[in-house]
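Trainee: I would like to go through this chain step by step.

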Amino acid sequence: MTVHNIRHGDASDGAFAEAVGGRLSRVDGPAKITGAAKYAIEQQQLEGLAYAVLVGSTIASGKVLAIDTKAAEAAPGVLQVLTPDTIISLRTAADWFGTPPPDKPYCPLARDITFSGQHVAAIVAETFEQAVAAAALVKVSYDETSSIVDLSDAKAGDGIPIDAMTKEWGDAQGAFASAPVRICAAYNTPREYQAPMEPHGLIARWEGDRLTVWEPSQWLDGMARTYAEWFGVPFENVRLVSPYIGGGFGSKALALSHGAVAACAAKMLSRPVRLVMTRPQTFTGYGGRAATRQTVTIGADADGKFQSIVHRGVNETSIDGMWVEPLGSVTSIMYATPNFSSKQNVVRVNSVVPGAMRAPGENPSAFGIECAIDELAHEVGIDPLEIRLRNYAEQDPHAKKAWSTRQLREAFAVGAERFGWARRSPEPRSMRDGKQLIGWGVAAGTYPVRRAYGEAMVRILADGTVEVESSSIDMGQGTYTILAQTAAETVGVRADDVVVKLGDSRFPRAGVTGGSRLAGVMTGAVYKAASSALDQLVGLAISDPRSPFHALQANTLVVANGRITSPRGDGPDVSIAELLKSVGRDHIEATGDTMPENSTPEERYKNYTTIAMALPHTEGDYSRHSWCAHFIEVRVDEDFGTVRVSRVVSALDSGRLYNPKLAESQWKGGIIMGIGQALLEEGIVDRRHGRIVNDNLADYLVPTNADIPDIEVISVGIPDLHSSVLGGKGVGELAIVGVAPAIANAVFHATGKRVRDLPITLEKLI
Ligand code: MCN
Ligand code: MOS
């Protein structure tokens with residue numbers, strides 16, 4: 001028997017707010033606002049807690065010759081000074097994909113320096129202040145060698161080709177050579193940083209060979225695996241706890257070297273150790289978005305129809321790590337073209353290995369192609385919206401598969417209508433308000449639907465309330481809320497009566513919260529678990545001789561608002577609590593997962609602790625993506641060259657929304673981050689020693705309220721059951737994609753000046 005309580009329609013406010021699709025407010029909101037929500041490093045009640053502080057290298061390249069720790073050792077409260085010579089040896093852990101690591105020791109403190117800020121030593125003391133004071137007494141001497149501080153240092157031809165990124169069809173070079181209209185331009189994006197409010201940090205505690213780590217985490221099971229592999233203990237011996245996270249944006253998915261240092265210190269001292277990065281250390285503890293350079297070449301006919309795209313991209317990576325920021329990801333799918341070639345290189349620079357930052361790949365990729373198509377529109381004298389429609393891709397041009405759903409035409413139409421695009425005067429510099437030049441720009445964005453498997457536990461308690469458990473996380477996206485809605489609707493209770501527990505690796509497992517996949521994965525898993533809990537409940541109510549429904553001989557029952565009735569309403573009407581009492585049960589529990597049936601324990605482990613089993617977005621017959629169109633107005637001061645974004649209308653297709661209020665908030669967050677990227681954000685490197693100069697939130701500029709106008713977001717999605725169990729596509733990263741090019745295009749329309757280098761600062765407009 002399977003009972004279905006879930007609707008696939010759309011719900012909004014009022015009575016439907018608690019169901020999937022309703023605008024329920026964040027269930028974790030009150031705990032956060034009142035301070036009741038405890039973040040990882042707030043577990044201060046731990047007895048014997050010691051404090052660790054990191055010492056970072058002051059050169060970008062060279063060797064540590066000696067570390068003089070005498071003064072630090074003698075400083076008050078110091079318990080331990082860790083250097084590469086004194087720290088215990090670890091094993092190398094596998095990567096994201098679970099690739100077996102080389103059998104060599106791993107030391108989280110460096111002797112060979114490949115970037116500025118690399119951890120070289122750590123102090124552990126009785127108090128944080130004592131550790132900070134002692135860390136300042138550590139003297140490190142270096143043999144400094146010359147470094148490649150960023151992409152501008154790299155010589156042409158320095159790049160390493162990443163053949164797996166090559167995408168080609170037709171004869172792109174030939175078609176370009178014979179195209180009547182040709183444009184070719186180079187676009188650059190700088191190093192950018194996630195800059196979450198909560199810095200990286202953790203508390204590590206050993207009890208025998210069992211390790212507990214309180215650490216903000218986008219991936220408890222993956223990080224637990226890494227810790228287990230480092231220390232050579234069974235996976236089950238490591239527990240990660242991360243109930244709340246003050247933002248991650250990609251930077252908190254992996255266990256990092258500072259975590260290893262803290263866990264080593266805790267083991268060596270047999271005391272719990274807390275280590276929190278300073279804000280500057282967060283700029284080198286994990287890499288931000290890699291700087292990129294790309295050349296986009298478009299050959300078109302006189303009507304602006306593409307004949308060829310030739311695309312070359314390069315991103316920076318570190319000296320001994322590898323990060324590829326796939327620049328061809330949007331270029332290869334956004335528009336139809338008969339001939340295409342995209343290739344990518346990486347260049348090694350003396351930086352921490354760059355990492356995932358909201359829409360890695362798609363974000364800079366869209367900056368290239370969405371500016372280039374605007375340049376082509378200007379060249380051929382066609383409206384920038386019209387040229388996008390002329391080149392609309394009716395299927396995935398690269399995978400040659402049908403789109404699962406693509407409401408991009410609708411996004412263009414609805415966005416243009418709400419923005420008033422038809423009133424745009426085509427000539428650059430032709431719209432103004434006094435000294436303010438007004439520019440209107442458009443750009444599209446997309447993000448693939450990444451799919452994976454998840455599991456969850458749903459428990460119906462004696463009092464009729466429902467508990468959900470999952471090792472997945474909520475870093476602000478709304479996981480607590482949408483899973484409460486899913487369990488509430490599926491079981492048939494009010495969302496108020498559901499308690500969702502996340503962020504503990506003891507709970508049923510979940511893969512990484514990255515690539516905007518968690519909502520689709522976990523609503524599916526909770527739906528499964530809750531359905532089977534409901535089946536058990538109804539089964540008991542029908543068949544248990546003690547149940548008030550037993551005599552009814554019904555074959556199904558209705559559960560709604562926490563009460564059980566018969567479909568015809570002719571039987572008893574009892575609460576879930578009363579039913580459980582009458583049949584003598586104190587709870588019902590069900591675990592559900594979306595893994596293929598008969599999956600082995602090894603496959604399950606691999607699925608949750610690596611990304612090896614994630615499903616490609618082009619698996620089977622369809623190509624699955626979210627889509628959006630941004631319409632943006634900027635005002636550029638004619639005298640000063642200052643750019644302000646004054647209006648944003650974005651129409652977005654993320655399929656069915658599990659909670660429109662939260663999805664809108666995610667989209668707006670992405671757009672705001674995109675405004676920061678377009679106008680403010682840039683990691684500036686000191687060319688002498690490779691230090692990030694603006695490694696703090698006073699100098700690394702992110703937008704504040706005063707920088708942000710009214711933002712209107714409109715959902716144009718329709719349920720997409722090829723993408724997820726409940727029909728949603730990804731939300732979290734989509735909206736940042738395309739914002740920067742829409743702003744660059746608007747700035748061109750306002751000023752006639754094309755800025756191809758982010759951020760668009762006033763000196764570039766002169
Ligand atoms: N949602 C929805 N309908 C859908 C899909 C999602 O209503 N069809 C809503 C839900 O509220 C859900 C949220 O959007 O909780 C995000 O869902 P999803 O797109 O699946 O993304 P994830 O849950 O996997 O979150 C990760 C994603 C990524 S990869 C980055 S980077 C990012 C982002 O989310 N970092 C964030 N959003 C962030 N938001 C905050 N506040 N902080 C971060 O660090
Ligand atoms: Mo998001 S950058 O995939 O964590």
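Trainee: Where is Lys400 found?
Mentor: Keep in mind that this is a predicted model. Helix 10 covers 384-390 and strand 19 covers 402-403. Lys400 is found in the loop between helix 10 and strand 19.

Trainee: What is phi of Lys400 near?
Mentor: Most residues other than glycine have a negative phi. Lys400 is a residue other than glycine, yet its phi is positive. The value is near 55 degrees.

Trainee: Does Lys400 count as buried, partly exposed or exposed?
Mentor: Buried means under 20% relative accessible area, and exposed means over 50%. Lys400 has 45% relative accessibility. Lys400 therefore counts as partly exposed.

Trainee: Where does Ser270 lie, and what is its phi near?
Mentor: Ser270 lies in the loop between helix 6 (257-269) and strand 15 (273-276). Ser270 is a residue other than glycine, and its phi is positive. That phi is near 55 degrees.

Trainee: Is Ser270 buried or exposed?
Mentor: The cut-off for exposed is over 50%. Ser270 has 64% relative accessibility. Ser270 therefore counts as exposed.

Trainee: Which residues does a cis peptide bond join?
Mentor: Most peptide bonds are trans. Here omega is about -10 degrees, and the bond is cis. Its proline lies in the segment after helix 17 (739-751). The cis bond joins Leu758 and Pro759.

Trainee: Is Gln485 buried or exposed?
Mentor: Gln485 is found in helix 12, residues 479-491. Its relative accessible area is 0%. Under 20% counts as buried. So Gln485 is buried.

Trainee: Which residues is Gln485 in contact with, leaving aside its neighbours within four places in sequence?
Mentor: Contact here means heavy atoms within 4.5 Å. The list includes Tyr658 and Asn659. It also holds Ala17, Glu18, Ala19, Val20, Gly21, Gly22 and Leu24.

Trainee: What do the buried residues of helix 15 pack against?
Mentor: Helix 15 covers residues 601-609. Its buried residues are Asn607, Tyr608 and Thr609. They pack against helix 5 (220-231), strand 22 (455-461) and strand 28 (587-593).

Trainee: Which residue in strand 6 stands opposite Gly62?
Mentor: Strand 2 covers residues 62-68. Strand 2 and strand 6 pair in the antiparallel sense over two bridges. Opposite Gly62 stands Ile113.

Trainee: Now the whole chain. How many helices and strands are there, and what is the radius of gyration?
Mentor: The protein chain has 17 helices and 32 strands. The globule rule gives 27 Å for 766 residues, and the chain is close to that, so it is as compact as a globular protein of that length. Its radius of gyration is 27 Å.

Trainee: How many of the 766 residues count as buried, as a percentage?
Mentor: The cut-off for buried is under 20% relative accessible area. The share of the 766 residues that count as buried is 60%.

Technical notes: Residues numbered from 1 in each chain as written. Chains lettered and ligands numbered in written order. Predicted model: local features only at pLDDT ≥ 70, side-chain atom pairs only at ≥ 80, totals over all residues. Heavy atoms only, no water. Helix = DSSP H or I, 4+ residues; strand = E, 2+ residues; numbered from the N terminus. Rg over C-alpha atoms; globule rule 2.2 N^0.38 Å. Buried < 20%, exposed > 50% of the residue type's maximum accessible area, 1.4 Å probe, protein only. Pairing = 2+ DSSP bridges.
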